[in-house]
Amino acid sequence: MAQEFWRWKEYTWRAPDISWTDGKIITGGVDVGSVSTQAVVMVDGEIYAYANMRTGSDSPDSARKAMNWALQDSDLTLDKIHYIVGTGYGRVNVPFAHKTITEIACHARGANYLYGPSVRTVLDMGGQDCKAISCDERGKVTAFVMNDKCAAGTGRGMEVFADLMQVPIEQLGELSLQVDKEPEPVSSTCVVFAKSEAVGLLRKGWRKNAVLAAYCNAMAHRVCTLLERISIQKDFAITGGIAKNVGVVTRLEKELGVQAIKPTFDTQIAGAVGAALLGKAIAEQEKK
Amino acid sequence: MIANFGYTDGSGEYYIMLDTDKCNGCGACVPACRAHILELRDNEYAPLAATKIVVVKDANRKRIKYDCAPCKPASAARALRCVTACKPGAIAHSW
């Protein structure tokens, strides 16, 4: 079978040093996105395990699979988790969730935990939409703008380009930076139009990395207009899959004149982490 | 919190800005909107505070370009119905 260049790696992780049996409160967060699904389990507000995988056509099934995968090799079972929050596009389709919360609140809370309380602006570059969020030192949303009109400038668009360029998706960003001169951005960020434009450039004799540079450039520019609406403040953090693409991140930083905090974890789990943390807060409130 | 619903295109920025701190959940704007794009809902953005706020319905978020067209400057220069209906002044528009 031909190589599928868009296929990013799914994986799971478990904290080696946390025992759930000692935990007072165990909460879960499931972020069913348009492209990927993450399940996070937290014990007393510390990440115990997580899984990150592609969302299938069946959302409830994807949610279940991700949670089972996160809990594999652990004797912790679903019924021992005190509170589970569903978030993301498919949040109403998490059958075992106690509550659903919009991904905007979850990403702000998650970024606050993962990047630290100094974060004021969060840009979530997801599979099928982008959100710019302002938050306070507790991770509470103070303003947001969401552009969910289409897949332009998002993870799904990158997958399409990986396929077109025959380059593994993880290497796209790096490759796009290998240009002597930054090309003009492609004029359309609509994935379908941008793809035909890119094919045109390739046939004209442009090299792969130049075409990718033009696309990453367009993507960064599109997101900048979104950020202008909420006025960007430091510290600035990017969550979601595109945060792993240096080609887009570097260009975005250049255009904004602001450095994004370098992540030390998987940027895709921010929403699910926020969901688990909000779940903890709700469970504690209900106990009182 | 300011919730921005809308879009940017070649002709400008078209956003409805809802200030959830000012919104008292009275719902006066809901029937005022002729396109029925607003609804009262639990404040999902602050899950710990059990209050109701007004939001743009999920189904209409991607259709603001069309649903709000009758209230755009090109169609009607009059005061916007949702803005006028809101006593606490929680609704604003970028156009």
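**Ground rules.** I am working with a predicted model, in which local features need pLDDT of at least 70 and side-chain atom pairs count only at pLDDT 80 or more, while totals for chains, interfaces and linings use all residues. Residues are numbered from 1 along each chain as its sequence is written, chains are lettered from A and ligands numbered from 1 in the order written, and side-chain values use heavy atoms, with hydrogens and water left out.

**Interface.** I started with contact, meaning heavy atoms within 4.5 Å. I found 20 residues of chain B in contact with 24 residues of chain A. Between them the two chains bury about 1,900 Å², 52% of it on carbon and sulfur atoms. Buried area here is the accessible area (1.4 Å probe) that two parts lose on being put together, summed over both.

Next I looked up salt bridges (a side-chain nitrogen of Lys or Arg within 4 Å of a carboxyl oxygen of Asp or Glu). The rule finds 2 across the interface of chain B and chain A. One of them is between the side chains of B:Glu13 and A:Arg229, at 2.5 Å, N to O.

Which strands of chain B supply the side that touches chain A? I noted strand 1 (2-9) and strand 2 (12-19), each with at least two residues there. Strand 1 of chain B gives the largest share, 8 residues. That side of chain B divides into 11 nonpolar, 4 polar and 5 charged residues. For those classes, Ala, Val, Leu, Ile, Met, Phe, Trp, Tyr, Cys and Pro count as nonpolar, Asp, Glu, Lys and Arg as charged, and the others, Gly among them, as polar. Helices (H or I, at least four residues) and strands (E, at least two) are DSSP runs, numbered from the N terminus.

**The sheet.** I then traced the pairing, where two strands pair if DSSP finds at least two bridges between them. In which order do the 7 strands of the open sheet come? I read it as 10(A)-7(A)-8(A)-9(A)-1(B)-2(B)-5(B), with mixed pairing. Strand 10 (236-239) of chain A and strand 5 (91-93) of chain B are the edge strands, each pairing on one side only. The twist averages 15° from one strand to the next.

Where the chains join, strand 9 (residues 141-147) of chain A runs parallel to strand 1 of chain B, with 3 bridges. There I found A:Phe144 partnered with B:Ala3, and A:Val145 with B:Asn4. Within chain B, strand 1 and strand 2 pair antiparallel over 8 bridges and form a hairpin with 2 residues between them. In that pairing B:Phe5 stands opposite B:Ile16.

In chain A, strand 7 (residues 121-125) and strand 10 pair in the parallel sense over 4 bridges, with A:Ile238 as the bridge partner of A:Leu123. Helix 7 (residues 246-256) of chain A packs on the sheet, touching both of these strands, and its direction makes about 150° with that of strand 10. Axes are lines fitted to C-alpha atoms, for helices over the stretch in contact, and angles run from 0 to 180 degrees between N-to-C directions.

**Backbone details.** Most residues other than glycine have a negative phi, and most peptide bonds are trans. I flagged a cis peptide bond joining A:Lys234 and A:Asp235, with omega about -10°. A:Asp235 is in the loop between helix 6 and strand 10 of chain A. I also marked A:Gln166, whose phi is near 60°, a positive value; A:Gln166 is in the loop between helix 3 (155-165) and helix 4 (172-176) of chain A.
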